[in-house]
Amino acid sequence: MTDRLTALITGASAGLGKEFARQLAAAGCNLILVARRVDRLQDSAAHFREQFRGVEVLCIEADLSRAEAPEHIYTVVRDHGWQVDYLVNNAGAAGPDFFGHQPWADHLAYLRLMQTSVAELCYRFIPAMVERGFGRVINVSSVSGRMAAANSCHYGPTKTYLIALSEALGLSVRARGVHVTALCPGFTHTDFHATAGLDELKRSTPSLIWYSAGTVVREGLRAVEKGRLVYVSGRLYRWLDPLLQSVWTRWLFLRVD
Ligand SMILES: NC(=O)c1ccc[n+]([C@@H]2O[C@H](COP(=O)([O-])OP(=O)(O)OC[C@H]3O[C@@H](n4cnc5c(N)ncnc54)[C@H](OP(=O)(O)O)[C@@H]3O)[C@@H](O)[C@H]2O)c1
């Protein structure tokens, strides 16, 4: 194991997670890549080893909607003798329709993916960062976590939880050299909408509200370095955010459904 910093990224098989891996490898980090599609992780790992000379990559297959996944990830990392300096809790999906008659077990699995797995990975990895006096944690939230919207009964609220969790954790550990940031992207070009069957949304909305994964990740890495607790990515969304938060204008957005 080299003396490079190491970044653990969940949901690294596509979209923002893959881009986090690319930018962190380019910055000189070793990588721990986590997702269900381990074949994709291994393809990326081979590519990164070739592109960024000296980078070491560990791939871990895990389904974060399963209760045992975070402990499994922690154990694999520990057994390899690696430490985690950057933790990027990025894995996520659109999730089941609250009123769609799926069994409650599906909803619970979704809440594990979006909330409890993030909390548990923070619980398992942040204490060692505090001990070493250095750590960077990015919890990928969303602009959806900054607003209430009809038919977003799980997705938005889970992202609101990540913002609250990141603020509380960040305030608790920032004096010890560990920065925690909730990164809130708006619409971003990734596989997210195709996976959720929302291709039409992409076609029917103006391109200026869509950002590239490269921009979102670059802004997120800069924000965590600066110690920002919450960072809304994209100039348009940063401009909208105060309107979403203000008691004077929030009512306007609550009328949209
Ligand atoms: N794209 C947007 O417009 C947007 C906006 C705001 C916030 N976000 C957030 O950004 C994050 C990344 O999403 P993305 O846009 O990059 O979407 P994406 O391209 O669909 O990537 C999602 C990633 O999450 C992983 N994932 C999904 N379910 C998982 C599970 N059960 N266990 C482990 N990994 C799982 C996927 O890997 P496997 O399928 O291989 O497991 C994949 O690597 C999410 O948290 C999303 O909510 C996205």
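Analyst: Gladly. Helices (H or I, at least four residues) and strands (E, at least two) are DSSP runs, numbered from the N terminus. Axes are lines fitted to C-alpha atoms, for helices over the stretch in contact, and angles run from 0 to 180 degrees between N-to-C directions. This is a predicted model, so local features need pLDDT of at least 70 and side-chain atom pairs count only at pLDDT 80 or more, while totals for chains, interfaces and linings use all residues. Residues are numbered from 1 along each chain as its sequence is written, and side-chain values use heavy atoms, with hydrogens and water left out.

User: What makes α3 roughly parallel to α4?

Analyst: Helix α3 (residues 69-79) packs against helix α4 (residues 104-132) at an angle of about 30°, and their axes are 9 Å apart. Angles under 35 degrees count as roughly parallel, over 145 as roughly antiparallel, 65 to 115 as roughly perpendicular and the rest as oblique. The pair α3 and α4 therefore counts as roughly parallel.

User: Which residues make the contact of α3 and α4?

Analyst: Contact means heavy atoms within 4.5 Å. On the α3 side there are P70, E71, I73, Y74 and V77, and on the α4 side S117, E120, L121, R124 and F125. Sorted by class, the contact of α3 with α4 has six nonpolar, one polar and three charged residues. In this sorting, Ala, Val, Leu, Ile, Met, Phe, Trp, Tyr, Cys and Pro count as nonpolar, Asp, Glu, Lys and Arg as charged, and the others, Gly among them, as polar.

User: Why is H101 called exposed?

Analyst: H101 has 78% relative accessibility, so H101 counts as exposed. H101 is in the loop between β4 (86-89) and α4, and has a positive phi of about 70° although H101 is not a glycine. N151, in the loop between β5 and α5, has a phi near 65°, a positive value in a residue other than glycine. With a relative accessible area of 75%, N151 is exposed.

User: What makes the meeting of R124 and E120 a salt bridge?

Analyst: A salt bridge is a side-chain nitrogen of Lys or Arg within 4 Å of a carboxyl oxygen of Asp or Glu. For R124 and E120 the N to O distance is 2.8 Å, and their side chains meet in a salt bridge. R124 and E120 are four residues apart in helix α4, so about one helical turn separates them. R124 has 23% relative accessibility and so counts as partly exposed.

User: How many salt bridges does a search of the whole structure find, and which parts of the chain does the pair E225 and R136 link?

Analyst: The search of the whole structure finds 10 salt bridges. One of them joins the side chains of E225 and R136 (3.1 Å, N to O). That pair links distant parts of the chain, with E225 in helix α8 (residues 213-226) and R136 in strand β5 (residues 135-140), 89 residues apart. E225 is partly exposed, with a relative accessible area of 39%, whereas R136 counts as buried at 7% relative accessibility.

How values were computed. Buried means under 20% relative accessible area, exposed over 50%, partly exposed in between (1.4 Å probe, protein chains only).
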